[in-house]
Amino acid sequence: MKNLQILGICGSLRRQSYNRSGLLAAAENMPSHMRMVEGSLRGIPVYDGDVEEQGIPAEVLRLAEEIRCADALLIASPEYNFSISGTLKNAIDWLSRTTPQPFKNKPVALLSVTPGPVGGARQQYELRKVLGCLEAIVLPRPEIFIGLCAQRFDADGRLVDETTRGLLGGQMHALNEWITQVTPRDR
């Protein structure tokens with residue numbers, strides 16, 4: 001089996017983000033031939049057509065190339081006001097302006113970690129719509145919504161809930177199969 005590189009993107013910039021902890025826990029539960037590297041949304045300016053006319057910012061171009069080079073994306077993002085975090089949506093808007101557009105035909109898995117009981121389900125459904133518009137191929141199941149996160153992670157951000165760890169492992173194995181199903185063989 002080919003080694004697979006997964007680009008992990010956190011929709012929160014907070015250093016101690018539970019979503020970043022979720023990404024790291026997912027990486028720990030990937031099959032041995034998968035490896036996650038973290039992408040960053042830090043430094044991406046608010047989208048502005050006037051700025052775009054002067055050229056796509058270097059941070060956007062860097063992230064677009066990282067996405068293009070990855071075998072798949074794993075996005076972990078909080079839910080803000082029943083929707084996608086502004087940081088993540090802004091980055092997607094910028095990335096959609098690059099050529100070639102990096103989300104097209106890219107396998108993607110989603111997870112969300114929130115302090116509330118719903119676990120970020122609403123933002124994931126919104127994110128699925130946006131990624132679908134960009135022709136990303138989002139893993140349909142299993143959906144991972146980690147609610148009540150303070151009970152599942154310790155003070156250092158390590159996942160301590162074995163049930164959640166098992167669910168993440170299941171999603172990472174499903175992502176592995178998804179990549180195989182949807183990626184052209186000549187890639």
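The following paragraphs describe selected features of a predicted model, from an annotated span to individual side-chain contacts. Residues are numbered from 1 along each chain as its sequence is written, and side-chain values use heavy atoms, with hydrogens and water left out. Because the model is predicted, local features need pLDDT of at least 70 and side-chain atom pairs count only at pLDDT 80 or more, while totals for chains, interfaces and linings use all residues.

Helices (H or I, at least four residues) and strands (E, at least two) are DSSP runs, numbered from the N terminus.

Strands β1 (residues 4–10) and β2 (residues 34–38) run parallel and are joined by five bridges, where pairing requires that DSSP finds at least two bridges between two strands. Within this pairing, Leu4 stands opposite Met34 of β2. Together with helix α1 (residues 18–28), the two strands make a right-handed β-α-β unit; right-handed here means that, with the strands pointing away from the viewer, the path from the first strand over the helix to the second runs clockwise.

Helix α1 itself has Asn19, Ser21, Gly22, Leu23, Ala25 and Ala26 buried (buried means under 20% relative accessible area, exposed over 50%, partly exposed in between, with a 1.4 Å probe and protein chains only). The cover over these buried residues includes β1, β2, β3 (72–76), β6 and α6 (162–182).

Two loop residues are worth a visit. Arg42 sits in the loop between β2 and α2 and is partly exposed, at 43% relative accessibility. Not counting residues up to four places away in sequence, Arg42 touches Leu13, Arg15, Glu59 and Arg62, contact meaning heavy atoms within 4.5 Å. A polar atom of the Arg42 side chain lies 2.5 Å from the backbone oxygen of Leu13. Thr114, in the loop between β6 (107–113) and α5 (121–133), is buried because its relative accessibility is 8%. The Thr114 side chain reaches the backbone oxygen of Gly116 at 3.3 Å. Leaving aside neighbours within four places in sequence, the contacts of Thr114 include Glu79, Ile146 and Cys149.

The structure also holds three aromatic pairs. In one of them, the rings of Tyr47 and Trp94 have centres 4.8 Å apart and planes at 65 degrees, so this pair is edge-to-face (rings of Phe, Tyr and Trp, the last by its six-membered ring, pair if their centres lie within 6.5 Å; planes under 30 degrees apart count as stacked, over 60 as edge-to-face and the rest as tilted). The partners are 47 residues apart, with Tyr47 in the loop between β2 and α2 (49–54) and Trp94 in helix α4 (residues 86–95). Tyr47 is partly exposed at 31%, whereas Trp94 is buried at 0%. Tyr125 and Phe145 form another edge-to-face pair, 6.1 Å centre to centre with 70 degrees between the planes. This pair links helix α5 to strand β8 (residues 144–146) across 20 residues.

Technical notes: A polar contact is a pair of N or O atoms within 3.5 Å; within protein, one must be able to donate a hydrogen and the other to accept it, and residues adjacent in sequence count only if both atoms are side-chain atoms.
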